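Please read the following note alongside the sequence and the model.

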Amino acid sequence: MPVRLRLFLLLLLPLLALAATPAAAQLLLDAARFRNDDVAVKGGVVEVYATVSGQHLTYKRRAPKVFQAAALVTLEAIRPDGTAAYQETITLKPPVLRDTTAAIKNPISFQKRLLLPAGRYTLRGQLRDQNRAASTVIVEQPLVVEFGFAKPQLSDMVLLAKPASRSGIEANNFIRQGLSLTRAPGGLYARGQDKLFFYAEFYNATVAQPLVVLYRLQPAAGKISAASGKGLAQGAEGRPTVLTGELDLSKVPAGSYSLTLEVRDAKNRVLATQTAAVQRNPTDYAPAGAVMPR
């Protein structure tokens, strides 16, 4: 073998090995904080939505033309002293594949509803690919749970892949205030998703109080609105005031955005505001949200 060809192969082999190694498994954590419906409890409800990318898991042959992946996800809510207020490990398995070269491998998701006392936490997700050693991925984000019963206040916004809809199915982790919610993982609106939907709860409104709901989508590095909307609501009695809305994204270019929600009174005074990060990528496919069991 010529020396030059031998050197070329020696240089090429490490590159081929890197190309054959699956990328680190991706884990998305979305958390939304709501006030506890039990007014005697000083704390809140945290809905954690975890999404694992199917593209980056290792698929192993389980039978002729049958390939399966599996991931272990450990969720924790860590107090400042390092102890866990909540900890759970869940095994996730995406749909079986007959061809591992498929361009699209479905993500897998699950949602957990936590009751946490008021305080500061670190929300931690740890992902391990069961079919590949040394594949642990850790994602962390700060979490502050604090709701009062005096001044007006908003929950976090939940970004949805489809409109919130009234559900006749018994209560579960995907239903709030009688509405079924299908989350848009990571706030991503991708190919075929030309509508943005959201859900939020407004607390401590006076019963029948007229409210003006304003929302606008702005580039992360700009001040000019890419889309905006307006709605009306009335303070609910004995429960949170539910706020929902939608925006047309068909003419919104790819990029990072911030969705701002404002609640104003009849005199146009701002009562509360909330923001959420939005990603727009019309050339890619969005992760499929976990769906409510039927």
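1. Strand S3 (residues 60-63) and strand S4 (residues 66-68) run antiparallel and are joined by 3 bridges. Strands are DSSP runs of E with at least two residues, numbered from the N terminus, and two strands pair if DSSP finds at least two bridges between them. Arginine 61 stands opposite phenylalanine 67 in S4. The hairpin of S3 and S4 has 2 residues between the strands, and lysine 65 takes a positive phi near 60° there.

2. The model is predicted: local features need pLDDT of at least 70 and side-chain atom pairs count only at pLDDT 80 or more, while totals for chains, interfaces and linings use all residues. Residues are numbered from 1 along each chain as its sequence is written, and side-chain values use heavy atoms, with hydrogens and water left out.

3. The largest nonpolar core has 28 residues, and Val52 and Leu116 have the most contacts inside it. Such a core is a set of buried Ala, Val, Leu, Ile, Met, Phe, Trp, Tyr and Cys residues joined through side-chain atoms within 4.5 Å; buried means under 20% relative accessible area (1.4 Å probe, protein chains only). Strands supplying at least two residues each include S1 (27-35) and S2 (43-52). A second, separate core of 27 residues includes Leu159 and Phe198.

Notes. Buried < 20%, exposed > 50% of the residue type's maximum accessible area, 1.4 Å probe, protein only. Helix = DSSP H or I, 4+ residues; strand = E, 2+ residues; numbered from the N terminus.
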